[in-house]
Amino acid sequence: MPSHDVMPNMELYQPIQVEDALEIANRYAERGWLVGGGQDTYGWLKDRAKSVDALIDLSAIEELRGIRETTEGVEIGALTTLTEIVNSDVLQSNFSLLTDAAAVVASPQIRNIGTLGGNVSQDVRCWYYRRGLSCYRAGGNLCYADTPQGMNREHALFEGSRCVAAGASDTASALVALDASMVIRNQNGETVVSAEDFFVGPANDIINTTILRPGDILTTVRIPNTWAGATFYWEKVADRNVWDFSLVNIAAAFKTSDGNITESRIVAGAVQTTPRRLTTVENAIQGRPKNQQTGESVMTLATEGARTLAHNGFKVPLLQNLVKRAIST
Amino acid sequence: MSRVRFRQINALRSDGYQGGSQGPVTSSFISEALAQGQREFNWEEREQLPRDLGGSKRRGIGLGIGYHGAGGRGYDGLLRITPDGILQIHSGVGNLGTYSYASNARTAAEVMQIPWERTEIHRGRSDRHLPHSSGQGGSNTVFTHARTNWVAGQDLITKMREIAAMDLGGEPDDYEIGGERVFRSDDNSVGLTYAQTAQRAIDLGGKYDGSEYPDDLNPLTQLAVQGVQGTGLVGAAKDNIPGQGQPPGNIIGFIEIELDTDTGKMDIIDYTAVADCGTVQHPKNFDNAMRGGAVWGVGLSNLERHVYDPQNGLPANTGLYQSKPPTNMDVPVDTVSQAVNIPDPQNPTGGRGIGEPTQGAMSLLLPAR
């Protein structure tokens with residue numbers, strides 16, 4: 001696999017208004033590439049595993065930055081850096097699930113430049129795919145990972161469909177648990193979709209991990225007050241304590257009354273291409289005490305339907321244990 | 001039997017044998033290192049502490065031994081005193097980033113009793129007239145090139161005494177060195193400065209200025225001597241110091257970990273390492289090697305991933321982040337690094353190397369229980 005020190009030749013656009021960015025994105029369509037912090041982008045381009053005609057750098061569009069309180073909740077510009085999210089008082093006060101998740105993305109240096117929009121829009125990290133092999137996701141006709149000899153320790157337990165790559169975003173799990181919605185603009189106007197519907201698995205789209213299409217720009221993430229101040233649990237398990245992707249992560253939100261769970265959201269990351277909401281577990285704990293006994297009694301529900309590959313079987317007990325801890329803690 | 005005692009009984013000793021060929025060693029003090037480490041780490045006390053920390057956390061302690069052949073013999077040393085009185089030290093040792101060529105060069109300064117500021121090192125390119133030297137692989141050069149610098153220094157001293165006896169009378173054995181001079185032992189006012197001996201060597205030629213040199217020098221060293229011929233008093237010698245055996249680099253390590261049985265994640269709570277590497281030559285470099293090697297050992301045994309797809313013959317590590325070398329968040333902030341500091345009898349300055357085994361000791365520790 002060739003590696004290059006310099007960027008390939010391409011046009012560079014640095015618009016300062018969303019409207020201009022939309023026009024350029026629409027004009028170049030699939031031959032254009034939106035870049036925010038660039039932490040997913042530059043690896044692809046420098047490795048020549050993907051190529052484009054134009055790079056559309058969104059980082060100068062101030063409108064896409066910042067955290068704003070609204071009557072319905074909080075709006076976060078898609079170009080807001082992960083560090084800014086971690087340091088936000090309003091998010092720490094009401095939605096610490098997101099700040100906890102953002103705080104363990106990659107490394108401090110990457111969080112300083114990586115954006116929320118980029119984190120949720122990033123491509124999967126299957127190493128076969130990232131090295132430029134012609135797998136299903138890259139337009140080919142086979143999956144290198146889902147074979148008896150495939151090296152698939154980091155890959156998915158659920159929803160494999162030709163592709164078994166796991167999602168790489170930590171904040172995605174938190175946003176789904178918080179019932180966030182995503183604001184998408186293109187030249188035809190604005191669309192708002194739930195975070196749960198924003199992410200797309202390979203059964204529905206083998207190439208894309210989100211519903212974003214050429215010409216679309218994710219401008220804002222909205223978090224409603226629904227879960228403000230709830231009891232949250234976040235945990236990420238990775239090989240290293242910094243600069244690593246999740247092997248499994250868990251994002252959970254609980255509302256309780258007299259120690260009993262009245263409502264919950266439990267979302268697992270890195271177990272399939274999209275954040276996996278564990279509705280079976282959520283239903284099973286409804287009305288039950290939020291304690292270890294409840295956690296232990298439902299933990300196996302979290303992995304019902306899991307299909308392990310040659311090297312990722314450890315994710316089954318890991319996911320079960322994280323669900324147990326989320327409910328017990 | 002305690003795990004420490006078991007290793008003390010079985011550990012390599014100075015009269016022991018090592019490797020596939022079961023050759024002798026120059027010296028080995030692993031048992032002493034184990035005893036020192038056991039005290040420093042409070043092994044016996046820690047072994048009595050509970051292993052179950054509550055919930056999913058378990059405590060483990062472990063120890064390991066790292067070994068690596070740490071040096072060779074038979075290479076060449078090349079030194080010069082130039083008419084300005086500077087000691088010119090020539091070294092063919094490479095630099096992996098440890099700068100051992102410089103720390104080993106201090107042997108020459110020590111032998112010649114000359115301040116470090118009055119020396120100059122020549123290295124890095126063969127047109128700087130470098131002697132035949134060992135490669136720098138981690139632990140190799142401390143033993144190997146302390147010896148070459150020592151023998152070349154002895155050659156310089158011998159020639160200085162001869163020049164002094166020639167010019168000032170008496171026998172070479174009547175003279176000794178000190179204060180950048182060679183002088184009569186019974187009257188230190190009678191002598192020559194190093195600078196004067198260098199000028200006299202140029203005047204005398206022959207073996208003194210490098211026009212002649214020993215036949216047993218490696219051809220590469222012979223070329224180097226030819227390159228410096230006539231520039232001062234030249235000391236060139238092959239390491240023929242008597243003795244046999246492999247100089248071992250030994251290290252023991254003690255570790256305490258906390259394991260989360262829910263997640264498989266492990267935190268290193270404490271790490272104490274004691275090296276048996278003879279006399280420590282360069283305390284700061286020693287400390288760097290000990291800590292750096294330990295971090296590397298954490299990566300090799302617990303974090304780093306060198307994955308190949310056996311079906312397609314493809315390496316998975318297409319980016320540094322996929323290789324997962326340890327970060328500062330994966331190792332303890334503080335570790336203890338000590339040395340037994342018993343001199344090796346076959347190195348005039350007492351040192352043996354300690355590079356690679358620092359990784360091995362940490363790797364062996366990870367099955368802590």
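In chain A of this predicted model, 64% of the contacts between residues at least 6 apart in sequence join residues at least 24 apart. Buried residues account for 51% of the 329 residues of chain A. Chain A touches chain B through 20 of its residues, and chain B is assigned two parts, domain 1 and domain 2.

**Chain A: fold and dimensions**

- The secondary structure of chain A consists of 13 helices and 12 strands.
- A compact globule of 329 residues would have a radius of gyration near 20 Å, so the 20 Å of chain A agrees with that expectation.
- Along the principal axes, the C-alpha atoms of chain A fill a box of roughly 60 × 55 × 35 Å.

**Contact between chains A and B**

- On the chain B side, 19 residues are in contact with the 20 residues of chain A.
- Two helices of chain A, α8 (127–130) and α13 (315–328), each supply at least two residues of the side that touches chain B.
- The most is given by α13(A), with 3 residues.
- By class, this side of chain A has 8 nonpolar, 6 polar and 6 charged residues.

**Domains of chain B**

- The C-alpha centres of domain 1 and domain 2 of chain B are 37 Å apart.
- Between these domains, 19 residues of domain 1 are in contact with 13 residues of domain 2.
- The side of domain 1 of chain B that touches domain 2 divides into 6 nonpolar, 11 polar and 2 charged residues.

Notes:
Residues are numbered from 1 along each chain as its sequence is written. Chains are lettered from A and ligands numbered from 1 in the order in which they are written. This is a predicted model: local features need pLDDT of at least 70, side-chain atom pairs count only at pLDDT 80 or more; totals for chains, interfaces and linings use all residues. Helices (H or I, at least four residues) and strands (E, at least two) are DSSP runs, numbered from the N terminus. The radius of gyration is taken over C-alpha atoms; the globule rule is 2.2 Å times the number of residues to the power 0.38. A residue is buried if 20 or more other C-beta atoms lie within 10 Å of its own, exposed if 12 or fewer, and partly exposed in between; C-beta atoms are placed from the backbone. Two residues are in contact if their C-beta atoms, placed from the backbone, lie within 7 Å. Ala, Val, Leu, Ile, Met, Phe, Trp, Tyr, Cys and Pro count as nonpolar, Asp, Glu, Lys and Arg as charged, and the others, Gly among them, as polar. Domain bounds come from an automatic or database domain assignment.
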